Amino acid sequence: MAEPAAAVEDRERLELEALEIGLLTEAIYRHYGFDFRDYSTPSLRRRIWKRIYAEGLSTISGLQERVLHDPQCMERLLLDLSINTTAMFRDPTFYVRFREKVVPMLRTYPFVRVWHAGCSTGEEVYSVAILLQEEGLYDRCRIYATDINEAVLQRAKEGIYPIASMQENTANYIAAGGNGTFSEYYTARYDYAIFRPSLRENVVFAQHNLVTDASFNHFNVVFCRNVLIYFNDTLQNRVHRLFLQSLEMFGILALGKKETVRYTSVADRYEDVDAEERLYRRVR
Ligand SMILES: C[S@@+](CC[C@H](N)C(=O)[O-])C[C@H]1O[C@@H](n2cnc3c(N)ncnc32)[C@H](O)[C@@H]1O
């Protein structure tokens, strides 16, 4: 049976749009080196259209032209394309299991290197720093926190967050098994909570692109939560190879509920530490 005319039109429109998105991401990659070519299409598509309208444009090719000739437009698009949503002690049970199952392993190491890949504005980094401090491990840890996006890293370095978010953060902290008083970790000033500088004493913040940059150290723990969901299978496999190269033998890969190492090309190199919270240990 022949395809209805409206369906054909729809399909052709989507094919053309996919072609234009492909050209835009290729142009961005060649000109700026940011590689969004394998980002998953629905979220990429939504974000590109948001930027097109915000720029007062009406086509993907119009955006391509502007991005290529105006680096500031590229900066704005970069902010749209990197989804920075985060919270302190986000998904609290993840931290409960981390405390229960990973902390005892870390206690056996004289020195612990941690990598937060895709750390966004730093809430996850401060959360882990607090947890490690409460477990008496912080002083022997060196934490590297990286993101593709310079603007969010700047905020992470400052460690100043809206006071309005502290209610949710405190609830998360308690549910995550925090054994202190959350408000002691920050000073409230006007509308902001300024986190204790000692929490970032052992933290190095740096720009790193998971897609194009190489491994830069060997770690005992790699956190990468809510980042891989935006990548397609090819890119996820590539990033997983990078994590494998970056992990010491018996190192921990901490992904959280939404992501998995199963079904990737490196699945057989890991065993489960906690299947539900997707905590894995490199065993090969
Ligand atoms: C949703 S946030 C996750 C923040 C935190 N890990 C959490 O779970 O709350 C995703 C972060 O991944 C970063 N990101 C996206 N693509 C990246 C890439 N290719 N390399 C490094 N970071 C990337 C984004 O800039 C964003 O800050």
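What share of contacts in the protein chain between residues at least 6 apart in sequence joins residues at least 24 apart? The share is 74%, where contact means heavy atoms within 4.5 Å. The model is predicted: local features need pLDDT of at least 70, side-chain atom pairs count only at pLDDT 80 or more, and totals for chains, interfaces and linings use all residues. Residues are numbered from 1 along each chain as its sequence is written, and side-chain values use heavy atoms, with hydrogens and water left out.

The protein chain has 9 helices and 10 strands. These are DSSP runs numbered from the N terminus (helices H or I, at least four residues; strands E, at least two). The radius of gyration, taken over C-alpha atoms, is 21 Å, close to the 19 Å that the globule rule gives for 284 residues, so the chain is as compact as a globular protein of that length. The rule is 2.2 Å times the number of residues to the power 0.38. Along its principal axes the C-alpha trace spans about 65 × 50 × 35 Å. Buried residues make up 47% of the 284 residues. Buried means under 20% relative accessible area, exposed over 50%, and partly exposed in between (1.4 Å probe, protein chains only).

Strand β5 covers residues 192-195. Strand β5 pairs in the antiparallel sense with β3 (residues 160-162) over 3 bridges. It also pairs in the antiparallel sense with β4 (residues 186-189), over 4 bridges. Pairing requires at least two DSSP bridges between the strands. I160 stands opposite I194, and R189 has Y192 as its bridge partner. The hairpin of β4 and β5 has 2 residues between the strands, and Y190 there takes a positive phi near 50 degrees.

The largest nonpolar core has 44 residues. A nonpolar core is a set of buried Ala, Val, Leu, Ile, Met, Phe, Trp, Tyr and Cys residues joined through side-chain atoms within 4.5 Å. F98, L132, F182 and F195 touch the most other members. Apart from this core lies another, of 42 residues, among them I52, M74, L210 and Y280.

M74 is also one of the buried residues of helix α4 (residues 71-81), with C73, L77, L78, D80 and L81.
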